[in-house]
Amino acid sequence: MLSWPAKCKKEHSNLALEIRISFSFPQGQAPTVQMESHRRCVAACIVNGIYIMESDEPSLAPAWWESFGFRLLGAPLTFKCECVLCLTKTKLFAHRPCPIYGAILEHSPPPGSRRHPSAPRYVVAFRGTLPRHPGDMHLNLRILANKQHACGRFRDARDKVAMFLDSIAAAAAAPNGRSGAVWLAGHSLGASIALDVGRTMMARKNKQGWNLPAFLFNPPQVSLAPSMLPHTLRRVAKGVIYPTSYAAKAALGTTVLRTHERDMDTLFDTLAPWVPELYVHERDVICQGFIDYFEQRHKMLNRWLRPVAEVAMKLSLRDMIISLSTSGTETGEDQRVRPHLLPSARLWKNSSYHDAHGLEQWWRPDSELRDSNEHRRCIAACMVRGTYVMESDRAKRTHGTSRALAPAWWQSFGFRLRDVREDVLDCECDCLFCRNRFKFGSQHWSIYGAILERVPTAQDWRHPPSPAAPRFIVAFRGTMRPWHRGDTFLNLELLVNRQHACRRFCHARRKVGELVASVAYYYGGGGGGAVWLAGHSLGASVALDVGRDMATKGCYLPTFLFNPPQVSMAPLLNMLRVPEVAKRFMYRVGCKVKAKLGARTTKMVTLERKMEEQFEQMAPWVPELYVHERDLICRGFIDYFEQRQNMLEYYGSSQVALLGTRLSLRDMLLFLHAEDKEEKPAVQPHLLPSARLWKTSIQGHKHGLNQWMEPDWMLNLNYRLYSYPAGA
């Protein structure tokens, strides 16, 4: 990997020096996150150096690439603009030099150091628009009309890069296909140039193409994207415009424009191996079209419209209309093709508070570029997946060895197990099945969770971790395969709401309590924000029980519950397809019954008073509940919160609605037959004063954990915050 300098020569380039990696969402199987982030930062800093080289202080530019071990190779890339404005300006200022729009830089490591295999030998970087250059504004107008391919600057860039690639291939006596040693990078207008050059080099006629890694920051793509509409109309517009457009393009492409479709199919086959890196901001209107193109294409391919999408993804209505009025002698690459029509790309989205179209955001740490809710969910889900894999490693006798698969799930985010013996949560199951297995020599313990610690990095002193970043994550797995009879036993205990007294739940509460106490002792404060809880299915019940226990003690831990089980009448009502009106009526009747029993029955006064105190203690705790609308196991949480909200809106803040919120008919009946009314009652776990409920309805395994590792746009997530009413 390219080395970072200890000190910069110029104060202006301090932002390019240190890049901190906190944690990042993995792409594929346990990638090298630091490498991906480092490559992005290096490319962005070099492009910024091109901006400065053309600015009023060009002497500051070398610090942006010399700090990474690069040096300028030859003269910068310049071209005399052909537009009327620039020709007029040249006549008025006869000695004005041609503007610099790019440069070729060579990586020369310090003497005695070896080049990292992923480091490039050369980087070709292009700057974007400078307001004082009329030629840049002229090119932006050409991009609006999709005529940039024929502009002089684009032609000059293609010719010079092609000559440079041929020269280094001849010098090294290497085939043209080996091109990983040359990077392309650009921002805004420069990203359009880099995209055009990369496409051309990959699709060279009569020669083997160059597959150049390309880093495109905020590449402009002009379209009538529905994302430009108000937020309330976007979903409806996308649901109508894109399917209609895809159907029209597929119909034309398979009939009257069959020749154009074949040309585009050939072009897509040629460009398929090229995977440029597209870095876009979700609120940047200039590059929003790329997001919509790839995301909607992915959705269409995953639906029943796949045959239509396979044809329509290669076509543009504008290009198809133009092809009808041309002679037909041109091919698809003669720029009757929209630049966003790419067969492959790696799309990186950012929704941070930085300037949406600025370049500075792209050399920032990953933690500043990630959407907090989406990123936190993905991290928590991956940690829970690691606990599943860790139990599988234990069964295969690879846990704690170099062949273990679990560590990759948390090491990619910068976490580790402090001590395998201490931070693995295991215990003996006390059910009848497991006790009999222990007698025959079976393994007497199983891993149901882990305590993970974030590893401090060398850059933490310069870039302190985000306040939302945890120091520890306690993750609990769900039910394993049938041979884990202890999991099956606990699921049966959940059905009768007796899990609170189970050994696993008691062990988890004790271990988390000790962890929070140690965090508070060493780091100060209550330790609430430094420890996260996460769990899936049965593990979500464990995390919920632990979180409730800590909340009653005044410690509110961020909690992520994936498909938490909740036993109620909701699944039966949904299976019987009871109308929504009837369900509301049933809940209103139940609410009135609970209110009357709680207010008029003397024996219920103690229970109602305890539940009121417990709700007031737990009100500040807001766990994150991730549920699937068609998952019968966790459907009860949706009905509880939605019907509770309906009751509060129907009855207002009256005692009827509040008692119905805090009480359960089952708990009330059990409490009537309890011998000691002063003991802590067994409360239904779904009785929560506050929660943030995230719902999805995508196709696939409704109770699976893998779905929660997907991005928000694939899950089509919508959420609502349910808070306990003030004055309750």
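Modeller: Helices (H or I, at least four residues) and strands (E, at least two) are DSSP runs, numbered from the N terminus. This is a predicted model, where local features need pLDDT of at least 70, side-chain atom pairs count only at pLDDT 80 or more, and totals for chains, interfaces and linings use all residues. Residues are numbered from 1 along each chain as its sequence is written, and side-chain values use heavy atoms, leaving out hydrogens and water.

Biologist: Thanks! In which helix do Asp639 and Arg635 both lie?

Modeller: Their side chains meet in a salt bridge (a side-chain nitrogen of Lys or Arg within 4 Å of a carboxyl oxygen of Asp or Glu), with 3.3 Å from N to O. The two residues are four apart, about one turn of the helix, and that helix is α23 (residues 635-651).

Biologist: Is Asp639 buried or exposed?

Modeller: Buried means under 20% relative accessible area, exposed over 50%, and partly exposed in between (1.4 Å probe, protein chains only). At 1% relative accessibility, Asp639 counts as buried.

Biologist: And how many salt bridges does a search of the whole structure find?

Modeller: Side chains of opposite charge can pair when their charged atoms come close. The search of the whole structure finds 26.

Biologist: Which cysteine has the sulfur nearest to that of Cys45?

Modeller: A disulfide is a pair of cysteine sulfur atoms within 2.5 Å, and the whole structure has zero of them. Cys45 is in no disulfide, as the nearest cysteine sulfur is 6.5 Å away, in Cys41.
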